Amino acid sequence: MRKQKKLRRFQSGFTLVEMLAVLAITGVVGTLMFQTLSSTLRSANKSDSIATIQQNGNFVLSQMTRMIRYSVSLESPDTCYSGPTPIPVVSESITVRNVDNNTTTFSCDTTTGVIASNSANMLNDSAVAVTSCSFSCFQANPYDSPTMTISFTLNKKNGNNLVENNSPTIFQTSVILRNVQ
């Protein structure tokens with residue numbers, strides 16, 4: 001009888017407590033691995049979004065800056081000089097006359113999310129949208145060249161409320177019209 005009890009005690013197998021402990025440890029390790037992978041993928045997605053937004057914003061800003069800098073006149077607003085105590089003239093669009101005597105109008109439409117040059121969208125990626133935009137013009141006296149300040153904010157279009165899809169980036173620069181006649 002004693003020999004039979006000894007054999008039962010040494011038979012191979014797992015107890016219920018051992019099985020539950022293994023399942024609990026596996027669950028914790030699995031959860032940690034999933035969270036790490038999820039965080040890594042979200043970070044990569046945010047990096048891609050920021051890179052796309054910066055590429056589009058830098059392209060638009062450089063194109064606008066170049067065209068404004070070398071224009072021969074400012075058509076709209078018609079003047080940037082606001083009197084002896086100058087204040088910037090702010091507008092949602094500007095029109096400049098180019099060296100070849102053509103006019104170019106830059107405008108922003110936050111409802112459709114585009115920055116346009118003569119009604120053509122300047123953004124290269126349809127996943128990027130303009131969320132705010134303004135142009136301001138300043139002249140210390142009527143004989144100075146106007147200084148245009150361009151300011152706009154780009155964000156990922158149709159981004160949900162996740163942090164990685166909501167990364168607005170502000171772009172701003174000032175340009176002096178060099179060839180004003």
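**Contacts of one phenylalanine**

Guide: Leaving out the neighbours within four places in sequence, Phe171 is in contact with Ile53, Gln54, Gly57, Asn58, Leu61, Ile150, Ser151, Phe152 and Leu154. Please keep in mind throughout that this is a predicted model.

Visitor: Which strand is Phe171 found in, and is Phe171 buried or exposed?

Guide: Phe171 is found in strand β9, and with a relative accessible area of 6% Phe171 is buried.

Visitor: Val60 next, then. Which residues are buried in α2?

Guide: The buried residues of α2 are Ser49, Ile53, Asn56, Gly57, Val60, Leu61, Met64, Thr65 and Ile68. An α-helix has 3.6 residues a turn, so residues three or four places apart point the same way. What covers the buried residues of α2 includes β3, β4, β5, β7, β8 and β9.

Visitor: How many residues has α2, and how far does α2 reach?

Guide: α2 has 54 residues, and the distance from its first C-alpha to its last is 79 Å, which is close to the 80 Å expected at 1.5 Å a residue.

Visitor: Let me zoom out. How many helices and strands has the chain?

Guide: There are two helices and nine strands in the chain, and from the N terminus on the elements run α-α-β-β-β-β-β-β-β-β-β. Of the 181 residues of the chain, 29% count as buried. Among contacts between residues at least 6 apart in sequence, 59% join residues at least 24 apart.

Visitor: What order do the strands take in the sheet of five?

Guide: That open sheet has the order β1-β3-β4-β5-β6, with antiparallel pairing, and its edge strands are β1 and β6, each of which pairs on one side only. Within it, β3 and β4 pair in the antiparallel sense over five bridges, and Thr105 in β4 is the bridge partner of Thr95.

Visitor: And what is the order in the sheet of four?

Guide: The order there is β2-β7-β8-β9, and this open sheet is also described by antiparallel pairing. Its edge strands are β2 and β9, each pairing on one side only, while neighbouring strands of the sheet are turned by 20° against each other on average, direction ignored. Between β7 and β8 the antiparallel pairing extends over 10 bridges, with Thr149 in β8 as the bridge partner of Ser136.

Visitor: Which strands does α2 lie across, and at what angles?

Guide: α2 lies across β3, β4 and β5, running at about 145° to β4, and α2 also lies across β7, β8 and β9, where it runs at about 160° to β8.

Visitor: What about the largest nonpolar core: which residues touch the most other members?

Guide: That core has 26 residues, of which Ile68, Phe135 and Phe152 touch the most other members. At least two residues of the core come from each of α2, β3, β4, β7, β8 and β9.

Visitor: Which residues does Ile68 touch?

Guide: Not counting residues up to four places away in sequence, Ile68 touches Ile94, Val96, Phe106, Met148, Ile150, Val175 and Leu177.

Visitor: Changing topic, how many disulfides are there?

Guide: The count comes to two disulfides, taking sulfur atoms within 2.5 Å as the criterion.

Visitor: Which cysteines does the 1.9 Å disulfide join?

Guide: That disulfide joins Cys108 to Cys133, with the 1.9 Å taken from S to S. This pair links distant parts of the chain, with Cys108 in strand β4 and Cys133 in strand β7, 25 residues apart. Cys108 is buried at a relative accessible area of 14%, and Cys133 counts as buried at 18% relative accessibility.

Visitor: What is the pairing if you number the bonded cysteines in sequence order?

Guide: Numbered that way, the pairing of the bonded cysteines is 1-4, 2-3.

Definitions and conventions:
Residues numbered from 1 in each chain as written. Predicted model: local features only at pLDDT ≥ 70, side-chain atom pairs only at ≥ 80, totals over all residues. Heavy atoms only, no water. Buried < 20%, exposed > 50% of the residue type's maximum accessible area, 1.4 Å probe, protein only. Core = buried A, V, L, I, M, F, W, Y, C linked by side-chain atoms within 4.5 Å. Contact = heavy atoms within 4.5 Å. Pairing = 2+ DSSP bridges. Axes fitted to C-alpha atoms, helices over the stretch in contact; angles between N-to-C directions. Expected span 1.5 Å × (residues − 1).
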